[in-house]
Each structure stands twice: as C-alpha cells, then as structure tokens.
Amino acid sequence: MRTLRRTWRLRPARIALAVLAVIALLAVAGGALAPHDPLGQHPGDMLRGPSGAHPLGTDYLGRDVLSRLLAGTGSSIAGALEAVGVAMLLGIVPGIASVWLGRTVEWTAQRAADTLMIMPFTIFAIAVVGALGNGLHQAMIALGVLFAPLYFRVTRAAALGLAQAQYVEAAELMGASRWWILRTHVWGKILPTVAVTTAQAVGQALLVVASLTFLGLGVQPPAPTWGGMLASDLGYLAQQPWAPLVPGAAIMITVGALNVLADAVRDSGAAAGDLRETGAAPPPVPAAPPNGPAADSTGPRAGSDDARVPDRDGHARTGAATGTASSQEVEQRVTTG
C-alpha cells in the first residue's frame with residue numbers, strides 16, 4: 001500500500017491512471033456509447049471524411065469509424081487482460097514454488113520456462129489457433145503461455161532474495177509454516193514487482209493482440225477490433241491516408257499509459273526500498289571527548305605513557321622504562337647464573 005500511495009503522488013502516474021480509467025470505461029460501455037451501429041453498412045456513405053454525423057468518417061463499407069473504435073475497445077482490452085491473467089497463473093505460482101519446494105520442482109520449472117522463451121509469440125499463436133480453432137480464447141491462452149516465463153523469472157528472482165532474509169529464516173526456526181511465511185513475509189514484498197510486470201505485460205499483450213487481429217486471428221470479422229480496423233484501412237490509403245491513425249493512436253496511447261504507470265510503480269518501489277535501508281541503518285555513535293568522563297576516570301588508559309607498572313622491588317616505573325628494566329634483569333640473571 002505504501003508503494004501505491006507513493007505512486008499516486010507522482011503526476012505522470014495520475015495522468016496515466018486517468019487515461020487508463022477512460023480506456024477501461026470505453027472497454028466496458030463502449031458499445032453503448034457508440035453513436036451508430038458498429039456493424040451497420042451504408043454503401044452510399046463509403047469512405048466519407050469526418051462530418052457532424054460521422055466525427056471520424058466512415059470505412060470502405062460505410063460503417064461509422066468512431067462507433068467501431070468504441071465497440072472494438074472492449075474486445076482488444078479483454079483479450080490482453082485474458083492473456084496476462086493466464087500468464088500470471090502459469091508464471092507466479094511455479095516461480096514461488098521453484099524456491100520453496102526443492103530442487104526437482106526448481107529444475108523442472110526452469111527447463112519449461114527456458115523452452116517457452118525461445119518460441120515466437122505470433123507463430124506459436126498461429127499454430128495453436130490452427131490446432132484448436134480460430135477464436136479469441138484459444139489465441140489468448142497461447143499468448144498467456146508464452147508470457148508465463150516473464151512472470152516466472154521475475155517472481156523467482158524476488159523470492160530468492162526473500163528466502164535468504166533474516167526475518168524469513170527466523171520465522172522458519174520458530175516453526176512457522178511455509179504458507180504463513182509466503183502469505184506474511186513473501187507475497188507483500190513480491191506484489192510491487194508483479195504490479196510493474198503486469199503493467200508492462202498488458203501493453204505488450206495489447207500489441208500482440210492487435211497483431212493477431214490484424215492477421216485475422218482471434219476475433220472474426222466483421223467484429224470490430226483495433227487490429228482489424230488497421231488491416232481494413234491499409235487497403236484504402238489512397239482515398240483515406242489518415243484512416244490508420246485512428247486505431248493506431250488508440251493503441252499507442254493505451255500502451256504508453258501502461259508503460260508510464262509501470263515506470264512510476266518501479267520508481268516508487270525503489271524509493272521505498274531506499275527509505276527502508278536508510279531507516280534500518282543505526283545512527284553513528286559519537287566518540288567520547290578527550291577531556292570527558294572517560295579521560296577523568298580513575299586508572300590509567302591502556303597503551304598510555306602515564307601507565308605505571310610495579311617492578312620487583314615494589315617501586316612504580318613508567319611503561320616506557322619497563323621494557324628497559326626487564327631486559328637488564330634478564331642479562332644480570334644470565335651473567336650470574
């Protein structure tokens with residue numbers, strides 16, 4: 001919660017959250033806010049420019065571009081969130097389990113993550129769609145599987161650092177269960193890292209979803225999507241060269257807001273870590289003054305020239321002269337002995 005409060009204090013984070021709130025509203029109620037039917041075709045109004053009836057113009061079938069943009073927001077955002085949700089489920093749990101459940105689970109999870117990391121997103125999604133059928137859920141599950149190694153590595157790295165912390169080791173020695181340790185000490189520290197990764201992953205997933213719908217995968221035409229609108233507009237650049245800018249701007253603004261939010265959360269987490277480290281350092285202990293109570297206390301200081309050492313006859317002798325007297329006594333004993 002402290003990281004979230006620090007994030008909210010940053011102005012770029014507030015702007016990004018405002019933009020994302022508008023995008024979320026359009027994703028939920030975009031179809032209801034559309035001024036026209038996004039699927040309604042009007043051949044007499046094909047490829048018209050912006051006007052009062054059509055603020056963003058019409059496409060090659062006479063459909064209102066603004067209505068299709070608003071209606072396509074929900075499917076595009078929902079697809080990206082579904083892919084990220086699958087990635088979180090398949091990445092976070094194995095990432096934590098690889099640290100706490102032994103070497104066998106660790107080796108198996110790492111090999112699976114390495115295998116998935118070398119697969120390209122688009123080609124793997126096309127293969128899954130070809131095997132399971134062309135649908136949004138099939139494509140997003142394939143995309144989530146490929147995003148899982150990102151969460152796995154991030155979560156595992158954070159959990160490895162926490163597993164060696166002194167308070168975690170102390171809890172284990174006190175007999176705390178693994179579930180209690182994970183819930184109390186580990187998950188709260190991993191959550192800011194997961195939040196940053198999620199903001200970045202949603203942006204990347206949105207780009208991949210737009211790429212798949214651009215190719216006609218996932219959402220079947222004539223259902224509106226941002227990627228599908230890009231694909232249809234590219235065939236009529238001679239008549240409307242500005243048409244691809246509309247869905248492209250929507251994708252760019254959404255991904256940019258997500259990246260800004262991810263950077264703000266990361267900076268807030270780093271600032272919180274610096275404050276914890278500064279607060280954990282003990283204050284320096286001031287040295288005793290030369291004429292303070294330590295200097296006035298009875299008894300000579302160790303190593304001082306004023307230290308008195310009694311000799312064999314009971315007379316006081318300075319520390320500097322003690323070594324000389326002792327050497328003379330040894331020579332006399334050797335000579336007489």
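Predicted model: local features only at pLDDT ≥ 70, side-chain atom pairs only at ≥ 80, totals over all residues.
The chain contains twelve helices and two strands, and its elements, read from the N terminus, follow the order α-α-α-α-α-α-α-α-α-α-α-β-β-α. Of the 337 residues in the chain, 35% are buried. The accessible surface of the chain amounts to about 19400 Å², and carbon and sulfur atoms account for 65% of that area. When contacts between residues at least 6 apart in sequence are considered, 69% of them link residues that are at least 24 apart.

The largest nonpolar core comprises 56 residues, among which W100, M140 and L143 touch the most other members. At least two residues of this core come from each of the helices α2 (11–33), α3 (65–100), α5 (121–132), α6 (136–163), α7 (166–173), α8, α9 (226–233) and α10 (245–280), and α8 makes the largest contribution, with 15 residues. For M140, the contacts beyond four places in sequence are with G79, A80, E82, A83, V209 and L212.

Helix α8, which spans residues 178–214, includes T197. With a relative accessibility of 6%, T197 falls under the 20% limit and is therefore classed as buried. Once neighbours within four places in sequence are set aside, T197 is in contact with L150, Y151 and V154. F214 also belongs to α8, but its relative accessibility of 36% places F214 in the partly exposed class, because that class covers values between 20% and 50%. Together with I126, L215, L234 and L237, F214 makes a nonpolar surface patch of about 420 Å².

Helix α9 is largely enclosed by the rest of the structure, since six of its eight residues are buried. These buried residues are W226, G227, M229, L230, S232 and D233. One of them, W226, is in contact with G72, which also contacts P224 and T225 when neighbours within four places in sequence are left aside. G72 itself is found in helix α3 and has a relative accessible area of 0%, so that G72 counts as buried. The C-alpha atoms of G72 and L26 are 9.2 Å apart in space, although 46 residues separate G72 from L26 in sequence.

The loop between α2 and α3 contains T58, a residue whose relative accessible area of 0% identifies T58 as buried. A polar atom of the T58 side chain lies 3.3 Å from the backbone nitrogen of L47. Apart from residues up to four places away in sequence, T58 touches D45, M46, L47, R48, R63, V65 and Q240. Two of these residues, D45 and R48, form a salt bridge with each other, in which the closest N and O atoms are 3.7 Å apart.

In the whole structure, seven salt bridges are found. Besides the pair formed by D45 and R48, they include a salt bridge between the side chains of D59 and R63, with an N to O distance of 2.8 Å. D59 is buried, at 5% relative accessibility, and R63 is likewise buried, at 4%. The side chain of D59 also meets that of R68 in a salt bridge, with an N to O distance of 4.0 Å, and here again both residues are buried. Through these shared partners, D59, R63 and R68 are joined into one network of salt bridges.

Key
Residues numbered from 1 in each chain as written. Heavy atoms only, no water. Helix = DSSP H or I, 4+ residues; strand = E, 2+ residues; numbered from the N terminus. Buried < 20%, exposed > 50% of the residue type's maximum accessible area, 1.4 Å probe, protein only. Contact = heavy atoms within 4.5 Å. Core = buried A, V, L, I, M, F, W, Y, C linked by side-chain atoms within 4.5 Å. Patch = residues over 30% accessible without salt bridge, like charges linked within 9 Å, V, L, I, M, F, W, Y side chains within 5 Å. Areas by Shrake-Rupley, 256 points an atom, 1.4 Å probe, with all protein chains shown as cover. Polar contact = N/O pair within 3.5 Å; in protein donor to acceptor, adjacent residues only side chain to side chain.
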